[in-house]
Amino acid sequence: MDTDLNDEGRRQAGLFFDAYKSVPFDKIYVSALKRTQQSIQQFIDLGIPYEKLSGLDELGWGIHEGQAPTTETRAAFMQIARDWQDGQLDEKFDGGESPNDVKARQQEALEVIMSHPEEKTVLICMHGRALRLILCLLTNKSLTEMDTFPHQNLVLYKVIYDGGKFEIAEFNNAEHLKHD
């Protein structure tokens, strides 16, 4: 769903900006969904160049996209999460995407990002399940381990690339969200 940020999201975006506005980002990458750009708009307003990459979009939930949670849908989500942990990485809801589908488009997005070695410090703003998947991809973990990467809206994962491999330097940092 291509929804706008709500009041809480705008508040969290402000806290994130306040905490990281002094970081000299060379470039910002966002998903094609408008809420990621809205989340980091204050950085863009500073004049930092940005690019939208649909490869960073959230996993498509198909028939469950945008639906209010019910007992049945919660059970379906729990079952598919178990399937993914069990290695059934092509499983998806009707009309949706599997972890392997998302991995394929994320690899294309990473090729774009990594094709700019002059960009030393980049900010990537994306979505929860997609974030978990790209962290597996970056750290060479199986996608079955995606749930080892917790997240909430507007947390920070700081990832360092040494020219050969990626390493997570900050894990699910939410300190900035504790300040009002």
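**Close-up 1. Lining of the second largest pocket in the predicted model.** Helix H5 (99–114) gives three residues to the lining of the second largest pocket, the largest share, and H5 and helix H6 (128–138) are the elements that give two or more residues each. The lining is made up of Gln107, Leu110, Met114, Leu137, Leu138, Asn140, Gly164, Lys165 and Phe166; by class, five of these residues are nonpolar, three polar and one charged, where Ala, Val, Leu, Ile, Met, Phe, Trp, Tyr, Cys and Pro count as nonpolar, Asp, Glu, Lys and Arg as charged, and the others, Gly among them, as polar. The space in this pocket is about 160 Å³. A pocket is an open set of points on a 1 Å grid over the protein atoms alone, where a 1.4 Å probe fits, with protein on both sides within 12 Å along at least five of seven lines, and lining residues have an atom within 4 Å of a point; the volume is the space filled by probe spheres set on the points, which are joined across faces, edges and corners. The model is predicted, with local features needing pLDDT of at least 70 and side-chain atom pairs counting only at pLDDT 80 or more, while totals for chains, interfaces and linings use all residues. Residues are numbered from 1 along each chain as its sequence is written, and side-chain values use heavy atoms, with hydrogens and water left out.

**Close-up 2. The open sheet of three strands.** The strands follow the order S2-S1-S3 with parallel pairing, and strand S2 (50–52) and strand S3 (122–125) are the edge strands, each pairing on one side only. Strands (E, at least two residues) and helices (H or I, at least four) are DSSP runs numbered from the N terminus, and two strands pair if DSSP finds at least two bridges between them. Four bridges join strand S1 (residues 27–30) to S3, with Lys27 standing opposite Val122 in S3.

Close-up 3. Glu119 forms a salt bridge with Lys27, their closest N and O atoms being 3.6 Å apart; Glu119 lies in the loop between H5 and S3 and Lys27 in strand S1, 92 residues apart. A salt bridge is a side-chain nitrogen of Lys or Arg within 4 Å of a carboxyl oxygen of Asp or Glu. Both Glu119 and Lys27 are buried, meaning under 20% relative accessible area, as against exposed, over 50%, and partly exposed, in between (1.4 Å probe, protein chains only). Lys27, Glu51 and Glu119 are linked in a network of salt bridges.

Close-up 4. Arg10 and Asp7, whose closest N and O atoms are 2.2 Å apart, both lie in helix H1 (residues 7–20), three residues apart, about one turn of the helix. Arg10 is partly exposed, at 45% relative accessible area, whereas Asp7 is exposed, at 60%.
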